[in-house]
Amino acid sequence: MLSGRKGKAVAFGMKIITQLGELYGAEELIPISQVHVDGCCYQTAGDAGLDFAEKVASMGAEVVVPTTTNVSGRDIQRWRQFRIPESLSEKSRRMERAYLSMGVIPTWTCAPYLSAPLPRFGEQIVWAESNAIAYINSVVGARTHRYGDYIDVCAAITGRAPRFGLHLRENRRGEVLVTLAGFGPELSTDTSVYGLLGYLLGKLIGNRIPVVEGVPSNVTADCLKALSAAGAASGSLAMFHVVGVTPEAPTVKQALGGRKPKEKIRITPRQLKEMKAELHTARGDRVDVVALGCPHFSYSEAWDFLRALAGRRVRKGVECFVYTNRAIWGDLVTTGLARELKRAGVRVATDTCILHWPLAKWGFKTMATNSGKYAKYAPGLLGLDVAYGGLLQCAEAAVKGRMI
Amino acid sequence: MTKKSIFPARKLTAGVGEGEALVTQNALTFWGGMDPSTGTIIDTQHELCGEKVSGKVLVFPHGAGSSSGCGVIMEMVRLGTHPAAMVNVEKDPVLALGPILAQELYARSLPIVTVSKAVFNSFRKGDTLKVDADQGRIVCFRKGSDK
């Protein structure tokens, strides 16, 4: 492949993969069965990202394994409606076209684990997008290292990855034992608690693998999604074990691989309260925008949110945006939930990312969200104040214009 | 008086870079934490928020956050707002790929090296560092050192 007999693009991909593999002391490459490509959003890296995509596409690159795409820079169908400038839309379109020419599956989502093709337990894959990496490693037990943008593309056109890191069983053992103490039933369903927990874990643990005990076995997948996203945003969390919940952690002993933890940490509600104080930058209780779906809203989150709204409408002067992917949107349309969201005054965007919407430029000041990841990035990236709360609080904020 | 010291370093990405050291004990987030158009740190939760990294030697333990970090580095190299070099303790694939691809696209280098914790702790803000990734060493020039 490296010699160029399989084409210029494959040779380029092999060169980059081998170079990265050497850096990490990998002695060989392994075949992989699936790729999730990040970096197909124009705003992520501007013209450099577009230069890369068009260069690889111009070499005649074609993906050799099923390859899904992360978010695009725009809602591909409704960008005008959401006031995306023509110039930005055009750059996004070029980016989408470059990737489509390689034969990707156009999922345009940061939550590829919510829809097909879903890898099975133990499958060797290459995923980029930090929240998706943490989720698929931890919750599903498929194996990907913490890859960055572009290496994913090289893996997709070669079907290979270096044999190292989280691809190997011995590197997937837990290192730090984290015990949750003093929590109530909110630990089963409140995604915002997991946003805070992830945010704290990312800070405390860096890139080590935590084994979390004390999570109820009926915890929702949405909670684990929130944990993945926040942990990968505040630190480099690429994998975690939740004892009795995630597949590589039936017991503490197994999660630790029979070894002693390098460190033990106890987390109580008081510490999460401190984290909340850090993320909740809004001073008053007024909220003018509610933004949900970071990572992309799941079907069950939409269902929960509608129940919390209980037939009430979003208040005049408040915008409520929900971000999701087309697969979930399709399900919401088919089952009638899309109509209910519309009736409630909720605006749903697909294909794109909440973090690329210039909400402050549009005059919004304070945003309510249940996402630890969004709360981390919004003040710096978008210049917004954040009111952090659970999905129920966000529903109240949408109806009342206040976060209580 | 300028004191010159030489430290061992391991090459992650190729090249030689020299500049004033910008040192932090906290991990740095590139995507969402750095404005590539100005080369400024915009992570409001970071102690270096507001600092310009362009032309400096950025000394931080490891990267954090989004796997899009390498794209931000590529864009910084394209615009010329990138640091002269980076010094880490831990190898970070997300960061290393940025300079590797920037070399392919724009034929410009941004050396990244890793050093031991002890070496890492010996650098201070205001030092001038010459990072030679290819030779595997960092030369540190410290002004007015009384030690």
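Student: Hi! What is the mean pLDDT of chain B, and what share of its residues reach 70 or more?

Tutor: Hello! This is a predicted model, and chain B has a mean pLDDT of 92, with 96% of its residues at 70 or more.

Student: Nice. And what ipTM and pTM does the predictor give the complex?

Tutor: The ipTM is 0.85 and the pTM is 0.89.

Student: OK, on to the contact between the chains. How many residues come from each side?

Tutor: Chain A puts in 37 residues and chain B puts in 32 residues.

Student: Which elements of chain B give two or more residues to that side?

Tutor: Those are strand 8 (63-64), helix 1 (69-79) and helix 2 (93-106) of chain B.

Student: And what is the make-up of that side by class?

Tutor: The side of chain B that touches chain A has 16 nonpolar, eleven polar and five charged residues.

Student: Switching to chain A: what domains does the assignment give?

Tutor: Chain A is assigned domain 1 (8-166), domain 2 (173-277) and domain 3 (280-400). The C-alpha centres of domain 1 and domain 3 of chain A are 27 Å apart. Their contact takes 18 residues from domain 1 and 13 residues from domain 3.

Student: What classes are on the domain 1 side there?

Tutor: Where domain 1 of chain A touches domain 3, there are eight nonpolar, seven polar and three charged residues.

Student: Last topic, the largest nonpolar core. Which residues touch the most other members?

Tutor: Among its 181 residues, they are A:Val290, A:Met367, B:Val57 and B:Ile73.

Student: What is A:Val290 in contact with, beyond four places in sequence?

Tutor: A:Val290 contacts A:Val318, A:Cys320, A:Ala368, A:Cys394, A:Ala397 and A:Ala398.

Key: Residues numbered from 1 in each chain as written. Chains lettered and ligands numbered in written order. Predicted model: local features only at pLDDT ≥ 70, side-chain atom pairs only at ≥ 80, totals over all residues. Contact = placed C-beta atoms within 7 Å. Helix = DSSP H or I, 4+ residues; strand = E, 2+ residues; numbered from the N terminus. Nonpolar A, V, L, I, M, F, W, Y, C, P; charged D, E, K, R; others polar. Domains from an automatic or database assignment. Core = buried A, V, L, I, M, F, W, Y, C linked by C-beta atoms within 7 Å. Buried ≥ 20, exposed ≤ 12 C-beta atoms within 10 Å, placed from the backbone. pLDDT = per-residue confidence, 0-100.
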